[in-house]
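Have a look at it first, and then we'll go through it piece by piece.

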Amino acid sequence: MSKLSDRYDPGPQIAQCGTINLGTKDLEKSLFFFRDTLGMEEVERRGNVSYLRCYQELGHHSLVLTEQDEAVVNSYSFRVKRPQDVELFYEELKKQDMDVLEIPAGTEAGRGTAIRFLLPGGDHPFELYYDIEKPLAPEAMRSRLPSNSSKRRGLGVRRIDHFNIQTSPSTINQAEQWVRDNLGFKRREFAYLPDSPKTIMASWMSVTPQVHDLAIVANRLEKKAQLHHVAFNMQDFSDVLTAADTLRDLDVSYGVGPGKHGIGQAMYLYVHDPGSDHRVEIYAGGYLIFDPDWEAIEWKKEDFPEGLTWYGDPIDTRPGSRGRDTTGSAGLHFGAGFPKAAE
């Protein structure tokens, strides 16, 4: 007898933030930060490309570091819910006359077939995939807890948490609406620009019970394809405070924090990877949404500062780094974000 769910097809869906591929000018400095300090496991190395995961991630990797001339974001990848969803998304995007590339299995180590396209209105290089290997960590590093891929090391980041991206005020409504309509993200909290009350200033969206798996923010310099930060999750507030104390003693560019967001109610600490200068948020806490009829919370102008910073240092809203130049179809070539990316 078939399961009830087998008789219905909800269409292709996004399951979670999967991986991010960061270009870095100095791979060893970036590994010092992500592997040696934050405690990520380097699962595999292919020439100038390193694949890493956090200690509670069973998949092959959540972070790809590619040594190249430009410290740009090569790709933002999302895992879909079912194997067939990769092809279903491909067919849907082609119906919209979008340029979509199929990326063969193994192009990114440990990952199956994926598709690649530029976010309409944002030009960020997005990739969707399902299949990913789940290798065991080396025995000396392996945890006795089967839900952990390895022992906790360093500062102990446990998983990738979310992406915060920026695009121009003139295109942000298009980008935010497209993500909601086509990728199934739900708007959780948001604000409009004070001088343009119909233009999104910032929107926090998710496909999981988190307040946001993806945030999109208007770039005040009218730039597209910008990264504000990628966030990695820690277990609790005290871990963020320990990270702040530790990172102050190291050769790591310190941003702002620790503090607490009003939006999402998580504790934050912003620092910069010394190899690439990409902004990284160390993130813990926050509330979860289980209500199926959740109504998005709007932050008004007079209250918005408390939304960004409930307590702590004010948030720096300038871009943390940018995406690869995506004029025309430049952002869709296979070299971007893969082992031969460093021309």
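What follows covers a sheet, a few helices, one serine and another set of paired strands.

A word before we start: this is a predicted model.

**The open sheet**

In what order do the 8 strands of the open sheet come? Reading across, you get β2-β3-β4-β1-β5-β8-β7-β6, and the pairing is mixed. The edges belong to β2 (41-46) and β6 (101-103); each has a single partner strand, so one side of each has no neighbour in the sheet. From one strand to the next, the twist averages 25 degrees.

Helix α2 (residues 84-95) packs on this sheet, where it touches β1 (14-24), β5 (73-80), β7 (114-118) and β8 (125-129). The direction of α2 makes about 30 degrees with that of β7.

Now to the part of the sheet around β4. Strand β3 (residues 49-53) runs antiparallel to β4 (residues 63-67), and 4 bridges join the two. Here Ser50 faces Leu65 across the pairing. β1 and β4, on the other hand, run parallel and are joined by 5 bridges, with Ile20 opposite Leu63.

**A closer look at Ser50**

Ser50 sits in strand β3. Is Ser50 buried or exposed? Its relative accessibility is 0%, and buried means under 20%, so Ser50 counts as buried. The Ser50 side chain also makes a polar contact with the side chain of Glu42, at 2.8 Å. If you set aside neighbours within four places in sequence, the residues in contact with Ser50 include Leu27, Leu31, Glu44 and Arg45. Leu63, Val64 and Leu65 are also among the contacts of Ser50.

**Helix α1**

Two of those contacts, Leu27 and Leu31, also turn up among the buried residues of helix α1 (residues 27-37). At the N-terminal end, Asp26 caps α1: one of its side-chain oxygens lies 3.2 Å from the backbone nitrogen of Glu28. Just after the helix comes Gly39, with a positive phi of about 95 degrees.

Which residues of α2 are buried? They are Asp85, Val86, Phe89 and Leu93. Their arc around the axis is only 105 degrees, which puts them on the same side of α2. The buried residues of α2 pack against β1, β5, β7, β8 and α3 (172-183). On the face turned away from that buried side, you'll find the exposed residues Glu87 and Lys95. Asp97 follows α2 and has a positive phi, near 60 degrees.

In α4, the buried residues are Asp239, Val240, Ala243, Ala244 and Leu247. Viewed down the axis of α4, they fall within an arc of 145 degrees, so they line one face of the helix. What do these buried residues pack against? The partners are α1, β14 (253-254), β16 (266-272) and β17 (279-285). The face of α4 turned away from the buried side carries the exposed residues Asp245 and Arg248.

**Strand β9 and its partners**

Our last stop is strand β9 (residues 159-167). Of its 9 residues, 8 are buried, so β9 is largely enclosed by the rest of the structure. β9 pairs with strand β13 (residues 226-233) in the antiparallel sense, over 7 bridges. In that pairing, Gln166 has Gln226 as its bridge partner. β9 also runs parallel to strand β12 (residues 214-218), and 5 bridges join them. There, Asn164 stands opposite Ala215.

Definitions and conventions:
Residues numbered from 1 in each chain as written. Predicted model: local features only at pLDDT ≥ 70, side-chain atom pairs only at ≥ 80, totals over all residues. Heavy atoms only, no water. Pairing = 2+ DSSP bridges. Axes fitted to C-alpha atoms, helices over the stretch in contact; angles between N-to-C directions. Contact = heavy atoms within 4.5 Å. Buried < 20%, exposed > 50% of the residue type's maximum accessible area, 1.4 Å probe, protein only. Arc of directions from axis to C-beta. Polar contact = N/O pair within 3.5 Å; in protein donor to acceptor, adjacent residues only side chain to side chain.
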